[in-house]
Amino acid sequence: MNYRHIYHAGNFADVFKHLLLTRAISYLNQKAKPYLVLDTHGGIGRYDFATEEAQKTNEYRDGIGRLLADDHRPAFTDDYVACVNALNNGSADPAHYPGSPWLAHALMRTQDRLVVCELHQQDAVTLRKNLVTLGDSKKLQILAPQNGYQALSAKLPPNEKRGLVLIDPPFEQVDEFDQVTTALEQGLKRWQTGSYAVWFPIKDPVKIAAFYDAVAAIPDVPKTLAIELMIRSADEAKGLSGCGFVWINPPFGMVNELNEILPYLTRLLAQSDGASSDYRWLVAES
Ligand code: SAM
């Protein structure tokens, strides 16, 4: 396990992922009934841009840096920006950045429940150290070190009967897309009505097409959306050019909102004229 998220925290892919995460939680918050957020690949929860690792790449400058510098941010960025600002006393030049479990914890309510997994030994220790500073006002369970894919069997279906599973692997292993598909299949067998958001990097379009086909072929898979953001065209070989979500049972309101969110993110995060975004149903609503 070589992947460490600190090198990439706050980059364009995190802005895409974390903005949609905050929107999904805001839709969950529209009903009083409690929900579960299961974050299978939690990372370390909170990132420090002054570290040698973050400074080495400075990727956050073309991600959250651009968003904070925009004077005309749309209202759908408010929750996300508020969480980032809360860690940075509102400074436009952020020193700290909230990871997915931190954002989920900040936005959930006292009746809701967050379960976070992290497998990397050292990151598991850091995750615990970071999340302990959040106190115990909300229901939080940290499973670390723990394989997040196993939590799909162990923790589903939730007693709350509603919620979100975020699956955000590092894609270091050649069979990671297969592992995700298997995990989704197992999760859906236990909890068919859950919302499952799988983030993925777009490096090889052939692999992505195969992943889409594999998800669509899961028996009785509910409605599933594919969302993609490219900050440059895929053939410009300059590192990661794009990323996406496969989202099973996406929050209803969020789908319409993508018509505003994706064009905004494309303009904000573009690194060449080849930037683009799109969404489409892989499995339509029946
Ligand atoms: N979700 C985090 C966020 O948005 O702030 C970032 C997660 S990072 C992309 C992926 C993390 O998954 C890494 O910290 C890595 O150590 C961890 N990881 C890798 N394989 C795992 C597994 N099978 N189960 C749980 N965590 C795993």
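Is aspartate 168 buried or exposed? I counted it as buried, because 23 other C-beta atoms lie within 10 Å. My cut-offs: 20 or more other C-beta atoms within 10 Å of a residue's own is buried, 12 or fewer is exposed, and anything in between is partly exposed, with C-beta atoms placed from the backbone.

Ground rules before I go on. This is a predicted model, so I note that local features need pLDDT of at least 70, side-chain atom pairs count only at pLDDT 80 or more, and totals for chains, interfaces and linings use all residues. Residues are numbered from 1 along each chain as its sequence is written.

**Entry: aspartate 168**

UniProt positions are in the numbering used here, feature names are shortened, and annotations may be inferred rather than shown by experiment. I found aspartate 168 in the loop between strand E6 (163-167) and H8. For the element names, helices (H or I, at least four residues) and strands (E, at least two) are DSSP runs, numbered from the N terminus. Leaving out residues up to four places away in sequence, I see aspartate 168 touching Lys17, His41, Ser100 and Trp199. A contact here is two C-beta atoms, placed from the backbone, within 7 Å.

**Entry: binding site and ligand**

Which residues does the UniProt annotation "binding site" cover? The unreviewed entry gives His18, His41, Ser100, Glu118, Asn147, Gly148 and Asp168. I picked histidine 18 and found it in helix H1 (residues 12-28). Histidine 18 counts as buried because it has 26 C-beta neighbours inside 10 Å. Beyond four places in sequence, histidine 18 touches Tyr80, Ser100 and Leu103.

Then I looked at the ligand. I get 21 residues around it, and the closest are His41, Gly43, Gly99, Ser100 and Gly148. "Near" means a C-beta atom, placed from the backbone, within 6 Å of the molecule or strand. By class, the ligand's shell has seven nonpolar, ten polar and four charged residues. In this scheme Ala, Val, Leu, Ile, Met, Phe, Trp, Tyr, Cys and Pro are nonpolar, Asp, Glu, Lys and Arg are charged, and the others, Gly among them, are polar.

**Entry: strand E4 and its partners**

How do E4 and E5 pair? Strand E4 (residues 113-117) and strand E5 (residues 139-143) run parallel over five bridges. From E4 the chain passes through helix H6 (residues 121-132) to E5, a right-handed β-α-β crossover. Right-handed means that, with the strands pointing away from the viewer, the path from the first strand over the helix to the second runs clockwise. Strand E1 (residues 36-39) also pairs with E4 in the parallel sense, over four bridges. I'm calling two strands paired if DSSP finds at least two bridges between them.

I traced some bridge partners. Leucine 114 goes with leucine 140 in E5. Valine 115 has glutamine 141 as its partner in E5, and leucine 38 stands opposite valine 115 in E4. I also noted that four of the five residues of E4 are buried, so the strand is largely enclosed by the rest of the structure.

I found a cis peptide bond joining alanine 144 and proline 145, with omega about -5°. Proline 145 is in the loop between E5 and helix H7 (148-154). Another cis bond joins leucine 156 and proline 157, with omega about 0°, and proline 157 lies in the loop between H7 and E6.

Aspartate 220 has a positive phi of about 60° although it is not a glycine. I place aspartate 220 in the loop between helix H9 (205-216) and strand E8 (224-230). I see asparagine 249 in the loop between strand E9 (242-248) and helix H10 (252-269), and it counts as buried with 21 C-beta neighbours inside 10 Å.

**Entry: arginine 190**

Last stop: arginine 190, in helix H8 (residues 176-190). I logged arginine 190 as partly exposed because it has 14 C-beta neighbours inside 10 Å. Setting aside neighbours within four places in sequence, I have arginine 190 in contact with Ser153, Leu156 and Pro157.
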